[in-house]
Amino acid sequence: MELDELKNTWQSLDDRLQKQEVLKRNIMKEMLYTKSDKALSRLFNYEIFGIIVLLLVIPAIIYALNFHPDLPGYKTFMYIMLVVDIVFFFWQVYKVYGLMQVDFSRTVSTNIQHTNKYNIHIKKEKLVMLFFVPLVLLSCAFLYARLNVNIVLWTFLTCTAIGLVLLTIWSYKKLYDKNIKSILQSLDNLKELEEEE
């Protein structure tokens, strides 16, 4: 009789432990999905913000085309800036499309693949920005020198340049790298949990 009770108690304990293990695994999965989703939302919102900024720059460039029409090279510079802005706009849209491919209802390996692809795009973008930001700032400084602007505008350009460089460094270090790493770590942990099942 005692042996049967002991077996039943043991079986009951074993069932509870298995249920707790499944519950713990499900809670871990939910936490990892939530963490990934938050990081993905931050990236998505930043990319949408970039699209809005690039759209707002287009009318500003078109408006600026009317200034100094007789200055040699001014209109060419502004048209180049317009083309660059439009190219960046489509690049932003492409990145948003890439982020939209990360869908947590799909398999973990598919999401890892899409996140890695997005990460490669960001690494390429970093290289482009490494050359583009200084080139734009030097071009603006050259244009300011040709226009012989006052000290207030030079101060504005200097402050804008410092802000742009700091924003670029911050966005790649703190926003892109941190959130992409968070998503990939969570997805790797989810993959390990799936393999254990």
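**Notebook: pockets, helices and ring pairs**

I worked throughout on a predicted model, in which local features need pLDDT of at least 70 and side-chain atom pairs count only at pLDDT 80 or more, while totals for chains, interfaces and linings use all residues. Residues are numbered from 1 along each chain as its sequence is written, and side-chain values use heavy atoms, with hydrogens and water left out.

**Entry 1. The cavity**

I took a cavity, on a 1 Å grid over the protein atoms alone, as a set of points where a 1.4 Å probe fits but cannot get out; a pocket is an open set with protein on both sides within 12 Å along at least five of seven lines, and lining residues have an atom within 4 Å of a point. Grid points are joined across faces, edges and corners, and a volume is the space filled by probe spheres set on the points. By this rule I counted one cavity of 30 Å³ or more.

I listed the lining of the largest cavity as Leu40, Leu43, Leu99, Val102, His114, Thr115, Tyr118, Ile180 and Ile183. The elements that give two or more residues to this lining are α1, α3 and α4, and α3 has the largest share, three residues. Helices here are DSSP runs (H or I, at least four residues), numbered from the N terminus. I sorted the lining of the largest cavity into seven nonpolar, two polar and no charged residues. In this sorting Ala, Val, Leu, Ile, Met, Phe, Trp, Tyr, Cys and Pro count as nonpolar, Asp, Glu, Lys and Arg as charged, and the others, Gly among them, as polar.

**Entry 2. The largest pocket**

I then turned to the open spaces. The largest pocket contains about 1,400 Å³ of space. It has 45 lining residues, of which Val53, Leu54, Val57, Phe132 and Leu164 are the closest to its centre. I noted that α1, α2, α3 and α4 (151–196) each supply at least two residues of this lining, with α3 giving the most, 13 residues. By class, the lining of the largest pocket comprises 33 nonpolar, seven polar and five charged residues.

**Entry 3. The second largest pocket**

For the second largest pocket I recorded about 260 Å³ of space. Its lining includes Lys126, Leu130, Val133, Pro134, Thr168, Tyr172 and Asp177. Two or more residues of this lining come from each of α3 and α4. I divided the lining of the second largest pocket into eight nonpolar, one polar and three charged residues.

**Entry 4. The packing of α3 and α4**

I next checked how α3 and α4 meet. They pack at an angle of about 175 degrees, with their axes 10 Å apart. That angle makes α3 roughly antiparallel to α4, a term for angles over 145 degrees. Axes are lines fitted to C-alpha atoms, for helices over the stretch in contact, and angles run from 0 to 180 degrees between N-to-C directions. By class, I found 25 nonpolar, five polar and six charged residues in the contact of α3 with α4.

**Entry 5. Aromatic pairs**

I found eight aromatic pairs in the structure. Rings of Phe, Tyr and Trp (its six-membered ring) pair if their centres lie within 6.5 Å, and planes over 60 degrees apart count as edge-to-face. Tyr33 and Phe104 form an edge-to-face pair, 5.8 Å centre to centre with 65 degrees between the planes. This pair links distant parts of the chain, with Tyr33 in helix α1 and Phe104 in the loop between α2 (74–100) and α3 (108–147), 71 residues apart.

I compared accessibility with the cut-offs of under 20% relative accessible area for buried, over 50% for exposed and in between for partly exposed (1.4 Å probe, protein chains only). Tyr33 is partly exposed because its relative accessible area is 23%, while Phe104, at 18%, is buried.

Phe89 and Phe90 form an edge-to-face pair as well, 5.3 Å centre to centre with 70 degrees between the planes.

Lys29 lies in helix α1 (residues 2–64) and is buried, with a relative accessible area of 17%. Its C-alpha atom is separated by 37 Å from that of Leu54, 25 residues apart along the chain. Asp14 is also found in helix α1, and its relative accessibility of 31% counts as partly exposed. From Asp14 to Lys75 I recorded 78 Å in space, C-alpha to C-alpha, and 61 residues in sequence.

Note on methods
Rings of Phe, Tyr and Trp (its six-membered ring) pair if their centres lie within 6.5 Å; planes under 30 degrees apart count as stacked, over 60 as edge-to-face and the rest as tilted. Angles under 35 degrees count as roughly parallel, over 145 as roughly antiparallel, 65 to 115 as roughly perpendicular and the rest as oblique.
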